[in-house]
Amino acid sequence: MRTSCNAYKWIILALCAALVALLAISRIGCPFYRICGIPCPGCGMTRAFLACLRLDFAAAWRYHPMVFSLPYLLALFWKDGAVFPEKRWNAGILALVCLGFLAQYLCRLFG
């Protein structure tokens with residue numbers, strides 16, 4: 001059972017990578033922004049991620065500051081929601097990440 005679960009995780013990660021690559025190559029930008037006319041909470045994340053790959057962390061911060069939470073979110077996904085032994089640490093850090101996304105989104109909408 002564990003092997004098939006890991007296989008699904010690899011498939012999900014591959015699909016996410018393909019989506020990011022497709023969005024980066026096509027240059028259509030955020031589909032949500034195209035349809036609704038307002039930015040989504042993740043707008044700028046692709047550009048921020050690509051800036052991190054170029055080791056341009058200042059540009060990544062300008063595009064989307066929450067890009068630096070991606071390693072934690074990936075670890076949370078990979079370890080089935082248990083990065084730390086205590087549940088309250090996992091829940092607390094995930095809550096902080098969610099608040100960070102919300103704060104960044106509100107700043108982008110109203111700032």
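Predicted model: local features only at pLDDT ≥ 70, side-chain atom pairs only at ≥ 80, totals over all residues.
Trainee: How many helices and strands does the protein chain have?

Mentor: From the N terminus on, the elements run α-α-α-α-α-α. The count for the protein chain is therefore 0 strands and, as helices are runs of at least four residues, the helix total is given separately. That total is 6 helices.

Trainee: What share of the residues in the protein chain is buried?

Mentor: A residue counts as buried when its relative accessible area is under 20%. The protein chain has 111 residues, and the buried part of them amounts to 23%.

Trainee: Which helix gives the largest share of the nonpolar patch?

Mentor: The nonpolar surface patch covers about 780 Å² and includes Phe32, Ile38, Leu96 and Phe110. The largest share of the patch is 6 residues, and these come from the element spanning residues 87-110, helix 6.

Trainee: Is leucine 96 buried or exposed, and why?

Mentor: Leucine 96 lies in helix 6 and is one of the residues that make the nonpolar patch. Exposed residues have over 50% relative accessible area. Because the relative accessibility of leucine 96 is 58%, this residue counts as exposed.

Terms used
Residues numbered from 1 in each chain as written. Heavy atoms only, no water. Helix = DSSP H or I, 4+ residues; strand = E, 2+ residues; numbered from the N terminus. Buried < 20%, exposed > 50% of the residue type's maximum accessible area, 1.4 Å probe, protein only. Patch = residues over 30% accessible without salt bridge, like charges linked within 9 Å, V, L, I, M, F, W, Y side chains within 5 Å. Areas by Shrake-Rupley, 256 points an atom, 1.4 Å probe, with all protein chains shown as cover. Salt bridge = Lys/Arg side-chain N within 4 Å of Asp/Glu carboxyl O.
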